[in-house]
Amino acid sequence: LVDLNLKTLTDNTKKTVLSYTDTAVSGASDTQTVTVENSVVNALNFTSTTGNEGVETLDFNIASASTFVSVGGNATNTETSTVNVMGAGSVELGNKTNAGLNALTGLKTFDASASTGNVTAQMTLANDMTIKTGTGDDVIVVNNTIDDKDTIDLGDGTDTLITTGNVGAKALNISNLEKLVVKTSGAANTV
């Protein structure tokens, strides 16, 4: 697949849509590289001819500080199992209020261990997840229960894990965490 390069996008009211033919993304290991520099993207959407095919891996190469309000679209929501983040720039893939990666219900791996910038990402743990971040001051927001089948390593830096769900009763696989925030909406959460 051809790399997508986004540079100095500033109108955060517009969507960026990448459309594929079904044939182009019909394989089981399609990777889309997105290189970003100094941009604010309201929504990065992926679609195919019928909407039934998507990419399995998204690689974000962050050259300088950038923000994505949301990422997803059509079959990419269920087919994307891996998101990788690399580069020296800081990035928000969602934040404490924006959707970020929540639409990617097939996501199993979020790997930002190669990133030296500050990484903020919001996601829903619909599957057993592996989450890694790098040397920046990273913030990971998860919208449901973290349990012993999830592995979270937030690397170096002063890192924060925010959850709006419960934290499982069994021993958790969380390392290199400096701050844990459990947010509630009035109902009780279990920690």
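## Contacts of Asn127

Two residues are in contact when heavy atoms of each lie within 4.5 Å. In this predicted model, Asn127 touches Thr105, Gly106, Leu107, Lys108 and Asp150, with residues up to four places away in sequence left out of the count. Leu107 also takes part through its backbone: its oxygen is reached by the side chain of Asn127 at 3.1 Å.

Asn127 is located in the loop between β10 (119-123) and β11 (130-133). Because its relative accessibility is 25%, Asn127 counts as partly exposed. Asp111 is 16 residues from Asn127 in sequence, and the C-alpha atoms of the two are 15 Å apart in space.

When neighbours within four places in sequence are set aside, Thr80 is in contact with Val55, Glu56, Leu58, Leu104, Gly106 and Leu107. The backbone oxygen of Val55 is reached by the side chain of Thr80 at 2.7 Å. Gly106 and Leu107, listed here for Thr80, are also among the residues that Asn127 touches.

## Strand β6 and its partners

Strand β6 comprises residues 66-72 and is mostly covered, with 5 of its 7 residues buried. Strand β4 (residues 40-48) pairs with β6 in the parallel sense over 5 bridges. Within β6, Thr67 stands opposite Val40.

Strand β8 (residues 91-93) also runs parallel to β6, and 3 bridges join the two. The bridge partner of Ser66 in β8 is Val91.

How values were computed
Residues numbered from 1 in each chain as written. Predicted model: local features only at pLDDT ≥ 70, side-chain atom pairs only at ≥ 80, totals over all residues. Heavy atoms only, no water. Helix = DSSP H or I, 4+ residues; strand = E, 2+ residues; numbered from the N terminus. Buried < 20%, exposed > 50% of the residue type's maximum accessible area, 1.4 Å probe, protein only. Polar contact = N/O pair within 3.5 Å; in protein donor to acceptor, adjacent residues only side chain to side chain. Pairing = 2+ DSSP bridges.
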